[in-house]
Amino acid sequence: MAVFSVAAIVTGSLALRDLSTARSQVVSKLDPAAFEASQLYVALLNQESGVRGYALTADQAFLAPYNQGVAAQRQAVSRLRRLLPGMPAAQAELALVTARARQWRAVYAQPAISQVAAQGKPLTGPAIQQGKASFDSMRAPLTRLQASVAAQRTAAVASLRSSSTELNAACIVIAAGLLVILVALALGARRLVLRPLSRVASDARRVADGDFEHQVGRTGPRELQGVGEDVELMRQRILQELSALRANNAILEERTQDLQRSNAELEQFAYVASHDLQEPLRKVASFCQLLQRRYSGRLDERADQYIEYAVDGAKRMQVLINDLLAFSRVGRSAEHREPVDTGEALGQARANLAEARKDTNAVIEAGDLPVVVGEPALITAVFQNLLSNALKFRGEQPPHVLVTAEREGGYWVFSVTDNGIGIPRQYADRIFVIFQRLHDRAAYSGTGIGLAMCRKIVEYFGGRIWLDTAYTGGARFCFTLPVPAEENLSDE
């Protein structure tokens with residue numbers, strides 16, 4: 001392609017140069033020369049007619065064409081001398097015409113004008129005929145001058161046509177050669193590029209369809225071989241990742257089976273704890289209470305204290321087992337998630353705590369609460385545990401609890417604020433760990449499971465819970481729950 005381009009440029013440049021040279025010869029030299037030769041002829045005729053008219057009439061008006069003709073002759077001769085180099089025959093004829101014109105003016109024109117001006121009357125017929133014969137001697141070289149310029153122009157026009165034909169032929173040859181080269185390039189590209197690229201693409205599609213063991217070919221030019229090597233490296237990397245993924249999936253499957261067995265065992269334990277363990281515990285508690293009622297005051301004070309410890313331990317054991325069962329059931333229940341009005345869930349929690357609210361003169365206020373997706377019992381449990389803590393860990397003033405909710409992005413942020421004794425900042429994380437208590441059982445009852453259950457429920461629904469350590473007027477718990485998908489779509 002490069003060789004052809006250079007040859008085409010050289011050939012086209014030479015053809016254009018010849019065409020431009022021929023055109024310049026015709027347009028810039030021969031056509032103006034022919035025009036100036038005709039102007040020279042007109043100038044000589046004006047001189048002859050002016051002198052003859054003045055000689056016949058003695059009228060000064062006829063000298064104007066003569067004088068104009070002399071000036072026009074000088075201009076035409078000057079231009080012809082600049083245009084005729086390279087044409088010796090025409091130059092010789094121009095020199096002969098100029099000499100005879102000068103001789104005609106010296107022998108006839110100027111003397112005739114001087115004689116008429118001196119006599120003040122026209123000349124006779126013989127003198128006029130002598131001037132005409134002298135002027136006719138210029139016609140032959142002038143005609144030969146025009147013929148020479150015309151012959152040169154004819155040859156130049158023929159050369160121009162030949163150059164134009166050569167240029168057209170060169171353009172046709174270049175176009176045909178370019179077409180042949182393009183066809184050859186297309187066939188070569190098809191054989192050297194497209195076919196190897198098609199094979200690489202076919203191998204890549206085969207690997208993409210799942211045949212990761214199929215090797216990608218490396219054929220064609222060096223660049224395509226590089227592409228094939230890159231695709232092959234990618235296939236090997238995918239194969240390595242796939243092998244690792246399969247190994248991880250096998251491990252995950254094994255652990256999933258272990259988890260399923262553990263869950264089954266946990267379910268069995270929950271059943272045993274709720275039935276087999278509860279029954280003897282209830283019997284112990286019942287007989288201890290019966291012993292306390294029947295023999296209270298009949299034994300010594302230490303015996304009554306021992307019986308009271310046994311009854312209290314049995315009761316706390318029952319509460320602990322019930323709380324553990326509730327904690328273990330979070331996330332394992334078969335209930336279907338549904339839209340839950342958190343306002344109604346809060347109302348149910350308040351109703352469950354009616355006796356405690358009455359005993360503490362508590363005031364529970366709530367703002368507009370949204371609808372979330374979850375399980376009503378679990379959402380109620382979150383509110384009930386947080387409200388119960390607010391009533392339990394109260395200060396000197398009657399408990400005052402405020403429940404609000406604000407939307408932040410794709411989550412509802414709930415806050416439960418009370419005016420109780422508060423929680424030190426350093427225990428903000430510890431309080432959500434199961435069985436972690438900040439106070440002695442003698443001061444505040446409970447098993448230390450409530451906040452851990454709240455955390456497990458909130459995270460089960462895709463949110464999080466935390467203590468707002470910036471609040472100092474009591475305790476403020478915040479937790480988030482996702483906005484239902486329908487509301488997110490409507491907002492978008």
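Leucine 346 has its place in helix H9 (residues 342-352); helices are DSSP runs of H or I with at least four residues, numbered from the N terminus. This is a predicted model, in which local features need pLDDT of at least 70 and side-chain atom pairs count only at pLDDT 80 or more, while totals for chains, interfaces and linings use all residues. Residues are numbered from 1 along each chain as its sequence is written, and side-chain values use heavy atoms, with hydrogens and water left out.

**Leucine 346**
- Leucine 346 counts as buried at 3% relative accessibility (buried is under 20% relative accessible area, exposed over 50%, partly exposed in between; 1.4 Å probe, protein chains only).
- Beyond residues up to four places away in sequence, leucine 346 touches Ala366, Leu369, Phe383, Leu387 and Val403 (contact means heavy atoms within 4.5 Å).
- Leucine 346 and alanine 381 are 35 residues apart in sequence, and their C-alpha atoms are 9.2 Å apart in space.

**Helix H2**
- The buried residues of H2 are Leu63, Tyr66, Gly69, Val70, Gln73, Ala76, Val77, Leu80 and Leu83.
- These residues cover an arc of only 155 degrees around the axis, so they lie on the same side of H2 (the arc is that of the directions from the helix axis to the C-beta atoms).
- The face of H2 turned away from the buried side carries the exposed residues Gln68, Arg74 and Arg82.

**Leucine 182**
- Leucine 182 lies in helix H5 (residues 139-208).
- Leucine 182 is partly exposed, with a relative accessible area of 45%.

Key: Helix = DSSP H or I, 4+ residues; strand = E, 2+ residues; numbered from the N terminus.
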